[in-house]
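These are my notebook entries on a structure that I am reading for the first time. I set down what I looked up, entry by entry.

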Amino acid sequence: MYITGLLIISFISSVTITVQVEEEDPLFEAKELYYIQEFEQAIERFKDLEREFCDQPAPGAYCIYAKIYLGRIYTTLNRHRYAEEYFTGAQRAADLYRGADPNLFAQLNSYRTQLSLDRGNRLEAERWLARAESALRSADTSLASVFSYHLVAGNHQHYTGNYREAIDHFEQILNRASDMERSTQTISYLIQAQHNTGISYSQAGEINRALYHFELSRKLTEEFLTPESIALGFIYNGFGSLYYQKGDYNRAGSYFFMASSIFSKNSDFEQISAGILNNAAAAYLKTGNYERAGDLFDRALEIQTTIPEKNHPEIAVTYQNLALVEWLSGREREADRYYEASIRIRRDHYGPDHPMLIESYRQAGEFYAEIGDRNRPSELFEEALRITEHNFGKKHPHYWRIHMSAGRYHAEMGFFDRAGDHLYKARDQLMDNSGFSLVSEIDFLRVSYPVDLVAVAKSLGVYKMKRYDSEGSMHHLMESVFYFDLAIQAVDHLHLEYETEAARLHLQERNRDLYGRAVETAYTLYQATGETVWIDKMLEFSEKGRSRIALELMKETIIRQSAALPEELRKEERRITGLVRNLTREIESLEISGLHEDEEQIFEKKEALFNAKREWQIFSGRLRQHDPEFHSWRFESDPVSRPVLSTLLDVDELMISYISGHRDLFAVTVDHQGARAFKLGEMEAIAAHIKIIRKAIEADSPSDFISSSKWLYKRLLDPLPVNPEVSSLLILADQELHYLPFELLLTGSPAGTRFHEMPFLLRDYSVRYSPSASVLSLNKTNRKPETDHILLVSPFEQSMGSGAFLYGDDPYLSELLPLSLTGYETDTIADLFLKRRSLRDHLVPQQIKRFRNDQAAIGALLSEDLLKYGYIHLATHAFVNPDHPSYAGILLWGGEYDDGILYLADIYKLNLNASLVVLSACETGLGKVYPGEGMVGFTRAFLHAGASSLLVSSWKVNDQSAARLMTGFYRFMREGNSYAESLRMAKLELISHPLYASPRNWAAFQLHGI
């Protein structure tokens, strides 16, 4: 589904201008102010000139041009009434002026054309433009007259949907002005012509050409005008619109924000500001933030309803986007009302054949298809196709997007022949436009519309699967998996284009259903053929769809700790990534505060963040140029194969990869004997029982715990045959399974409700977890030589210290208490490491470093050489933030100049070589689960920082239970047991004591990593 009706604002309201003048011309200074967009000063100067030259008995050319410029400035500022007054005055003066040549009338009529376009009066604009063209034909034309005419004529063609003709007009300027002397006047022409060319290429569907012209326009503007220039605001909006079309909604939102921040500072640009708010809201909508999107749309509509013309087309844009918000929010009646209003306004304003109606019809068609209307969608899709072919032919993106929407609708209705006809037309035209073939390897760099390729290929995959379900023909099934594979390859390519983590997270989230359907199709083929190659395909699809970004973050750490990059590039990378993370954290902190006075700071921080991200794009280009092979290794990701995966497992270990399909949950098991695949049932029911079991643990309710625990075991593990020699499980969780500690599942019916007698899975198996098999492989492959040195951190053994004053008003930290047993915990662990177990221990004794109470400050930790520690143990408080996941933190000792919180952003910047990091704190295993990426929290942050394994907690545990478990874990580990087996034995010790046997005391702690 596409958000449509995106308002693409052309930089058409500041078209320049005049006859060539010499510096002794009395208008020269005022014109220069106009060219560099210092409008207030220009108005003041031109009014002085108007009084000077128009009060004479016979007003001359200077009087006329002063009025013309004032009209142009007020047109640019959207103060149309004043513009009309000055143009009318100029017209009267020109009619009386005997020396006026036709060039003056050509320019005046061009400017009046622009004013009519801005006011939405197309017929009036056509009349003025015809007069301008007639005046040019009757005189020796000046460059100023020619350029002014071509700018406005191009804008007129763009307005009427003739984008190719518009580009021809703009290129007339570019071809001539590029060879002229670079005066302020010439540069002004070039900026506008480059930008308007980009806008028209964008609307014509040629994104790469549009980007090229926008970039040229931006460079000229930044060199020539001020940073607050409205020209830059228009250009940023253009960039945002293009990245929106490319599907990079986060980058689009950044550009829209930059544009809106420029326009919001000038009350004369309220209506344009409303349009930019519309665009920013559209980007929020695509990232799933419906509440924020609706709020921005409402704000835009509030501004736009002040427009005198109540049926202005910009209001139609907002209505259309509000309709989508209402639709996605389940309010169908309101959505229907907004769609009808949007279509009516556009049809009345533009006429029945205008391109601006295309997306209105298509999106409304998708809406009516979704709510089950059997007739309206076909009518709307056909009308959209008619207008598209009338205006553009079959080469425009509208053509294949409409066919794709129509094909999906007919497939859902079971009209397979009509669905195939539409979808194959979409596929063929998209391929023809990008110049690739399905019978050869696709060069994705040549694909102009990778987002559309994802959508069309996925639609064909779904269509083919539906035909298989209906007809049972195997060739439909094989084609289905082929198209899903093609779509996933296109997503892989988009990962290389998207520079920010947030953009990639949303890319994975948007396409989660794609990976699920691909896995489901591969499983169906496995069931139909019995061939294990389809199990391998299930694993490949799953690995590409899970923890992709975590893998990329780990690669950053490997690069940071290696000599793969020259020191100059490494320093530059550290500086930019550190700047991005710090600014992100500061912005989130300000937004969380919710204080009105912080809005200006947020603006400034976001502007700095935007520029930092642009720096990262430039750096990435330098990296690609320096070492293309290294750049490819860093930014491309092939999933680990099953043969390689089996070598990562211990002899007695079974890996279970849980994979969410379109609706059902699947499992692939891998051990040294081979691989199997299973369908486990609907994910929705499984997720519901996970919520029940967590609530039962929190309430200490044995009955609810027993029923859900048994149900989950029967659904998740009982169907999987396990080799009797297996004693260890490696779990790759997905979706809500990230919130389930598998060790607490009951393998049978307990004799009673006493926890210490229950048949927990833990009694049979040790369990460890990993975000993905590829993360596990990279972690193990790049593991460095280990050290037995340990760092122990316990800030609050006796008191919360000075930090308590800072934490007191924080909603996440208001109920914290001292952790009196953490002193005992760390003392015991230290004693275990002091014991000499071997000759090596005597020759190379372990170093034990302790930070206690006020020693455990952030400054002390960050100044320590953390690379030398094989073990890092943090016995302290921690908190998660469900609204802003990256604002989670681990508490250290607060000081005069810091709050004592080690935030996720700080953890990402750590440089570790730890075999094991233990977070003996509450809820350190939690975070936000992103579809397709998994849990984003402390575990992911420490893996990125360089840790090989982590021991974390999934809920709050009292410090007595935590201390017992931790000391037991280290004792068993120092005796030579693996991390997983040591944790299992420590938990069994707690279970053997009735006082600590409840899962809430031990099940929260989970081992992640190798």
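Which residue forms a salt bridge with E471, and how far apart are the closest N and O atoms? I found that the partner is R467, with the closest N and O atoms 2.8 Å apart. I note at the outset that this is a predicted model.

**Entry 1: the pair in helix α21**

I looked up where the two residues lie. E471 and R467 are four residues apart in helix α21, so about one helical turn separates them. R467 stands at 15% relative accessibility and counts as buried, because buried means under 20%. I also recorded a network in which salt bridges that share partners join D485, D492, K537, E540 and K544.

**Entry 2: other salt bridges**

I asked how many salt bridges the structure holds. The count is 39. As background, I wrote down that side chains of opposite charge can pair when their charged atoms come close.

I next examined D452 and R401, whose side chains meet in a salt bridge at 2.8 Å, N to O. D452 belongs to helix α21 (residues 450–471) and R401 to helix α19 (residues 397–413), so this pair ties together parts that are 51 residues apart in sequence.

I then turned to R362, which forms a salt bridge with E359; the closest N and O atoms are 3.0 Å apart. Both residues lie in helix α17 (residues 358–370), three residues apart, which is about one turn of the helix. I noted that R362 and E359 are both buried.

**Entry 3: the disulfide**

I looked for disulfides and found one in the structure. This bond joins C54 to C63, with an S to S distance of 1.9 Å. The link of C54 and C63 is right-handed, with 105 degrees about the S-S bond. I recorded both C54 and C63 as buried.

How many of the five residues of strand β15 are buried? I found that five of the five are buried in this strand (residues 949–953), so β15 is largely enclosed by the rest of the structure. I followed the directions of its residues: S949, L951 and S953 point one way, while L950 and V952 point the other way.

I then traced the pairing of β15. Strand β12 (residues 916–919) runs parallel to β15 and is joined to it by three bridges. Within this pairing, V918 stands opposite L951. With strand β16 (residues 1005–1009), β15 pairs in the antiparallel sense over five bridges. There, I identified H1008 in β16 as the bridge partner of L950.

**Entry 4: the surroundings of S110**

S110 has 0% relative accessibility and so counts as buried. Which residues is S110 in contact with, leaving aside its neighbours within four places in sequence? I listed A132, S148, Y149 and V152 as these contacts of S110.

Conventions
Residues numbered from 1 in each chain as written. Predicted model: local features only at pLDDT ≥ 70, side-chain atom pairs only at ≥ 80, totals over all residues. Heavy atoms only, no water. Buried < 20%, exposed > 50% of the residue type's maximum accessible area, 1.4 Å probe, protein only. Helix = DSSP H or I, 4+ residues; strand = E, 2+ residues; numbered from the N terminus. Pairing = 2+ DSSP bridges. Contact = heavy atoms within 4.5 Å. Disulfide = S-S within 2.5 Å. Salt bridge = Lys/Arg side-chain N within 4 Å of Asp/Glu carboxyl O.
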